[in-house]
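Thanks for coming. Please have a look at the sequence and the structure before I start.

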Amino acid sequence: MRQIPVDTNGATLMVAQPPQPKVKDRRTGEIATDIDTGHTLVTVDVLFVMNGNAEVVTVTVAEPDISGELAMGTPVALTGLVARPWENEFKGQKKHGISFRAVALTSLAAGASKPKAA
């Protein structure tokens with residue numbers, strides 16, 4: 001599948017909605033996992049601001065690759081962000097769009113390097 005690297009240099013990124021488990025099958029509630037590692041996948045809505053334009057994009061990340069507290073408004077960095085075009089057909093209707101996947105998502109808030117409480 002095609003992957004298009006996304007350059008986030010010069011952009012302001014912040015959490016619009018905290019991480020949520022990515023659901024693979026809405027009918028069964030099955031949670032999505034990474035094919036290679038088996039790690040649980042989560043989605044994070046990120047506000048992407050650049051050149052006076054702002055847009056919320058949903059980014060998928062493996063759960064272990066998220067660091068720091070990610071409350072709404074927290075500034076973040078995305079490592080290895082790629083866009084993937086997709087298309088499918090369901091009940092005779094074609095749908096298409098772009099999904100975003102990152103290697104890692106890191107909080108840039110002060111104290112973000114502290115480990116999470118168990």
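Two strands count as paired here if DSSP finds at least two bridges between them. Strands themselves are DSSP runs of E of at least two residues, helices are runs of H or I of at least four, and both are numbered from the N terminus. With that, β9 and β10 pair in the antiparallel sense over nine bridges.

Some housekeeping. This is a predicted model, where local features need pLDDT of at least 70, side-chain atom pairs count only at pLDDT 80 or more, and totals for chains, interfaces and linings use all residues. Residues are numbered from 1 along each chain as its sequence is written, and side-chain values use heavy atoms, with hydrogens and water left out.

Now the overall picture. The protein chain has zero helices and 11 strands. Its C-alpha trace spans about 50 × 40 × 25 Å along the principal axes. Of the 118 residues, 30% are buried, where buried means under 20% relative accessible area, exposed over 50%, and partly exposed in between, with a 1.4 Å probe and protein chains only. A contact means heavy atoms within 4.5 Å. Among contacts with a separation of 6 or more, 58% are between residues 24 or more positions apart.

Next, the sheets. Strands of a sheet pair through backbone hydrogen bonds, either parallel or antiparallel. In what order do the six strands of the open sheet run? The order is β1-β9-β10-β6-β5-β2, and the pairing is mixed. β1 and β2, the latter covering 12-21, stand at the edges with a single partner strand each, so one side of each has no neighbour in the sheet.

Going through some of the pairs in that sheet: β1, residues 4-5, is joined to β9 by two bridges and runs antiparallel to it. I4 stands opposite A83 in β9. β6 and β10, by contrast, run parallel, joined by two bridges. V59 stands opposite F100 in β10.

There is also an open sheet of three strands, in the order β7-β11-β8, again with mixed pairing. Its edges are β7 (66-67) and β8 (76-79), each with a single partner strand, so each has one side left without a neighbour in the sheet. β8 and β11, the latter at residues 104-107, run antiparallel and share four bridges. Within that pair, A77 has T106 of β11 as its bridge partner.

On to pockets. The search runs on a 1 Å grid over the protein atoms alone: a cavity is a set of points where a 1.4 Å probe fits but cannot get out, a pocket is an open set with protein on both sides within 12 Å along at least five of seven lines, and lining residues have an atom within 4 Å of a point. Grid points are joined across faces, edges and corners, and a volume is the space filled by probe spheres set on the points.

The largest pocket holds about 790 Å³. It is lined by 17 residues, with V23, K24, R26, W86 and N88 nearest its centre. At least two lining residues come from each of β3 (23-25), β6 (53-62), β9 (82-90) and β10 (93-101).

The second largest pocket has a volume of about 530 Å³. Its lining has 18 residues, and K22, I35, L41, R84 and R101 lie nearest the centre. Which strand gives the most to this lining? β9 does, with four residues.

Finally, two residues. T60 lies in β6. Is T60 buried or exposed? T60 is buried, because its relative accessible area is 7%. Its side chain makes a polar contact of 3.4 Å with that of K22. A polar contact is a pair of N or O atoms within 3.5 Å; within protein, one must be able to donate a hydrogen and the other to accept it, and residues adjacent in sequence count only if both atoms are side-chain atoms. Leaving aside residues up to four places away in sequence, T60 touches K22, L41, V42, T43, F100, R101 and A102.

I98, in β10, is exposed, because its relative accessible area is 56%. With residues up to four places away in sequence again left out, I98 touches A83, R84, P85 and W86. I98 and V57 are 41 residues apart in sequence, and their C-alpha atoms are 9.7 Å apart in space.
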